[in-house]
Structures are given as structure tokens and as C-alpha cells.
Amino acid sequence: MTKTDKEFQPSLEIALQGALDHLDGLQPSSVAATKDLAALRQQLHKPLGDKPLPADQVICELIKDVEGGILGSAGGRFFAWVIGGSVPAALAADWLTSAWDQNAALYACSPAAAVVEEIVGVWLKDLLGLPPAASFALVTGCQMAHVTCLAAARHALLARRGWDVERNGLSGAPCVRILTSAMRHGSFLRAIRLLGLGESSVVQLPTDSEDRLQPDALREALATNKKAPTIVLLQAGDINIGAFDDFEALIPCAKQFDAWVHVDGAFGLWAAASSRYRHLMKGAAAANSWATDGHKWLNVPFDSGFAFVADSDSHQASMSHRAAYISHDAAARDQMDWNPEWSRRARGFATYAALRQLGRSGVTEIVDRCCHHARSLVARISTLPGAQLLWTPVINQGLVRFLDPNPAATNEDHDKRTEEVVSAILKTGEAFFGCSTWHGQRAMRISVCNWQTDESDVDRSVRAVELALSQFH
Ligand SMILES: *Cc1c(COP(=O)(O)O)cnc(C)c1O
């Protein structure tokens with residue numbers, strides 16, 4: 001018996017069986033949690049032992065003790081937030097990533113990981129219609145993609161004004177302002193906080209009836225303080241209705257004023273992979289930077305975001321660091337030159353595997369299929385008694401609301417009814433939706449981005465909404 005047989009095999013075999021059981025169980029099991037906070041604490045909160053335990057026992061108990069607290073978000077009936085699943089090759093590559101346990105900081109500490117990331121970057125730019133010369137980084141998620149892109153923006157805007165931000169920091173620097181709409185995602189605000197730009201640097205501009213930033217408002221704001229270093233944040237798919245800003249009108253205008261245009265396309269950037277939805281991205285390739293996720297629409301396990309920057313010099317200047325003990329290979333890609341982290345997971349393998357499994361047509365198909373199912377869910381739920389259509393999906397995001405039938409019902413009553421119906425749906429365990437506030441009204445959000453969602457999941461989820469609604473009559 002080798003050391004591997006003895007030390008690793010028992011727990012890895014239990015993990016494999018546990019994973020297969022989980023994936024198998026996604027169809028029959030509740031998609032919502034079945035245990036509450038107190039029960040989960042009781043299951044999991046064991047005394048920290050003094051003595052070691054056998055690894056297989058730890059894994060066995062882990063599988064048992066998380067029971068009731070693992071959502072069915074890997075499966076096809078989960079429509080809350082924007083959460084994808086994992087295609088098989090990506091999941092398997094993610095396991096191997098842990099087994100290989102590479103530090104993907106440098107080519108020197110994982111040559112294969114560095115080469116894989118180099119290739120993944122090229123493939124992604126091609127699929128997403130971004131400039132082939134753009135630099136990129138594989139980060140933990142879209143929020144850190146914002147941080148990465150905006151660090152490059154901060155560098156470029158301040159360097160043009162004679163300020164070295166990497167050396168001098170921000171105190172005493174010209175104030176950077178950020179022009180955007182109310183459709184911005186909270187992760188963008190957290191990114192600018194981390195970069196020291198501060199939330200008060202955001203100027204919120206008005207949108208039109210489809211939640212798109214108004215070009216006149218942008219032009220006017222840019223013209224009022226022409227000299228200020230300016231970042232313009234645009235949306236490629238906002239979280240409520242998947243709104244796309246009019247890149248063709250907005251980007252040339254921002255460029256005229258030397259502003260840096262950043263695009264938040266956490267899921268929406270993937271519209272570029274489909275000929276049906278590509279028009280929404282028209283003109284977006286002219287931006288300065290783009291942030292997106294792999295763990296949403298590409299269906300790669302979590303820990304997968306992508307940052308792209310047109311001005312690769314600024315990107316590298318904002319991230320790169322040299323120290324005597326680090327070895328660099330001039331011909332290879334050292335991820336540390338582009339990533340905010342130092343030591344990190346070799347997360348490129350999972351994306352590499354997903355893209356190879358799916359191919360171009362597979363990615364297109366996931367996008368098209370999710371959009372189709374989103375439209376179908378929204379259309380069918382909207383016809384149920386007490387339901388009201390708020391937004392028909394343009395891509396994969398839609399909104400419905402549930403009305404209190406009382407003729408004297410107020411907006412608040414409808415808000416309350418909407419939340420109650422959503423809770424009742426979760427209680428059925430058959431489908432999982434979330435709530436949001438859109439234009440002052442509570443709404444049920446329907447987001448489809450799991451590769452597994454099929455017609456039968458849609459049927460079953462509509463029936464779950466019907467069942468939940470029947471409890472209110
Ligand atoms: C999910 C999301 C983000 C944040 O992405 P993370 O991967 O969670 O960091 C940003 N913007 C939009 C529009 C999103 O949907």
C-alpha cells in the first residue's frame with residue numbers, strides 16, 4: 001500500500017461519492033435549505049478536537065453535517081441572484097486544481113497554469129468580442145475584476161496628470177470622479193472603496209425608461225468639469241432587468257473628454273457569444289476595461305472572474321512588483337504582473353476545461369437557452385392569478401410582482417404580498433427565486449444562468465409558483 005492509497009484514497013473516494021450523490025439529489029431534493037440556522041449550528045459546531053481524526057471520517061461527517069444547509073444552486077431550478085452551476089469538465093478540472101495545488105502567482109511556480117491562463121485569455125477575448133491586444137487577469141469574481149480594471153484606470157488617469165499613484169497614494173492627488181447610473185452594482189462601490197476612490201466620488205446620472213444611462217446627461221456632466229480625471233461606468237446587463245447601456249452613443253462621447261470607460265458585464269458580457277444577443281454589446285469593444293464572471297453564465301465553479309484592460313501598460317504598471325527572491329521568465333506570463341493577489345489558486349484550469357467542453361457553439365447555446373427559459377418562466381408566471389408582469393426578459397433577467405387582491409390594497413400591501421409569495425415558493429422546495437426593489441416596487445427576480453435548466457425545470461417551477469399562490473385564496 002502506497003502513502004497515497006493510505007492517506008488520500010479513502011477520503012477522496014468518499015468525496016467523489018458524496019459529490020455524485022449531491023448532483024443526483026438535485027432533481028428530487030429541495031432546492032431551498034431545509035434546516036434553520038440553529039439546526040445547522042448544532043450539526044456543525046463540534047468541539048475542536050485535541051486529537052487528530054482520520055481524513056475519511058472528517059469527510060464523511062462533513063457530508064452528513066451540512067445536510068439541509070446546501071442550496072440546490074448547482075441544479076436547474078435555482079433562479080435567485082445570478083448564480084450559475086458547473087459544467088462537468090469545469091468541476092472535474094476544479095478538483096484537479098486542488099490536487100495539483102499549484103501556486104499560480106508566477107510561471108516559475110506553475111508553468112502549466114501560466115500557459116493555460118495565457119490561452120484562456122485569448123479565447124475569452126475572442127468569444128466576448130474584446131480587442132485582441134487587451135491584457136487580462138483571472139480573478140476571484142467580478143468585484144475583483146472591477147478592482148483590477150479600476151487600479152489600471154486610476155494609474156492611467158493620474159499618470160496623465162503627472163501623479164504617480166502607486167508611489168504616492170491618493171492623498172494630495174487630483175480627485176477622480178466616477179460618472180454612472182443607479183444601475184451600478186454594489187460590487188463596483190466596494191471596488192472603489194478598496195481603491196481609495198470613495199463612494200462620494202460617484203456622480204449618479206439619470207436613465208431612460210429602459211434603465212439606460214442618458215447620453216445627454218453624460219455629455220453634460222463630462223462638459224461641466226472637463227479637466228477632472230473621470231471614470232465612466234457602464235452596464236452590460238444590470239441585475240434587475242439585464243439593462244445594457246447604449247455603448248455606441250456613450251463611449252465615443254466619454255472618449256472625447258479623455259474619460260476611462262469601464263464596463264460591468266458580470267453576466268451580460270456573454271451576450272456577445274450569441275448572434276441573437278450580440279447587438280446589445282454593439283460598440284462595447286471601444287471601452288477601456290471590462291469585468292465579467294466565469295462562475296455565472298459560463299458555469300465554472302466559484303472563484304472565477306475575468307478582468308480585461310485595453311491599455312496593458314497601465315494594467316501592468318498598477319499591479320506588477322519586483323523582488324529579489326521572485327524569479328521572472330521574460331518569455332512567459334507571470335500572473336502577478338496582472339493580478340491583485342500574490343499566492344493564489346490556479347483557477348484557469350476550470351475555465352480552460354469549460355471552454356473546451358462547450359466549444360463556441362456550447363457557450364452560445366447556454367446563453368440562448370437561458371434567455372429562452374427566462375422568457376418562458378416570466379411569461380407563464382405572469383399569467384397566474386394575482387401575478388403581474390413587470391419586465392419581460394431582454395436576455396436572462398425578468399421581474400414579476402404579486403398583487404394583494406384587496407381593492408384598497410396599497411403599494412406596500414403589494415410589496416408585502418410579493419415577499420410572502422416568494423417565501424411560500426421557497427417553502428415548496430421546488431424552485432428558488434429572490435426579491436428585489438425595482439422602480440420603488442418589490443419584485444420577484446427571475447434569473448436563469450444554469451446550463452442544466454430545461455423545459456421540465458420550467459414546468460416544475462411554474463407549478464411551484466401556482467401552488468404557492470393557491471395558499472393565498
Ligand atoms: C454578480 C455581479 C457582480 C459581482 O460579481 P462577483 O462575481 O459576485 O464579484 C457585479 N456586477 C453584476 C451586474 C453582477 O451581476
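**Entry 1: the ligand**

I began with C142, where a backbone N or O atom lies 2.9 Å from an oxygen atom of the ligand. I call this a polar contact (a pair of N or O atoms within 3.5 Å). I note that the model is predicted, with local features requiring pLDDT of at least 70 and side-chain atom pairs pLDDT 80 or more, while totals for chains, interfaces and linings use all residues. Residues are numbered from 1 along each chain as its sequence is written, and side-chain values use heavy atoms, without hydrogens and water.

I then looked up two side chains. An N or O atom of the D264 side chain is 2.8 Å from a nitrogen atom of the ligand. For D293, a side-chain N or O atom is 2.8 Å from an oxygen atom of the ligand. The protein buries 84% of the 380 Å² that the ligand exposes when taken alone (accessible area by the Shrake-Rupley method, 1.4 Å probe).

I found 14 residues around the ligand (a heavy atom within 4 Å). Among the closest are Q143, H295 and K296. The shell holds four nonpolar, seven polar and three charged residues.

**Entry 2: two helices**

I turned to α10 (residues 215-224) and α11 (residues 247-256), which pack at about 5° with axes 10 Å apart. The two helices are therefore roughly parallel (angles under 35 degrees).

In α10, P215, L218, R219 and L222 meet A249, L250, C253, A254 and Q256 of α11 (heavy atoms within 4.5 Å). I recorded seven nonpolar, one polar and one charged residues in this contact.

Methods: Polar contact = N/O pair within 3.5 Å; in protein donor to acceptor, adjacent residues only side chain to side chain. Nonpolar A, V, L, I, M, F, W, Y, C, P; charged D, E, K, R; others polar. Axes fitted to C-alpha atoms, helices over the stretch in contact; angles between N-to-C directions. Helix = DSSP H or I, 4+ residues; strand = E, 2+ residues; numbered from the N terminus. Parallel < 35°, antiparallel > 145°, perpendicular 65-115°, else oblique.
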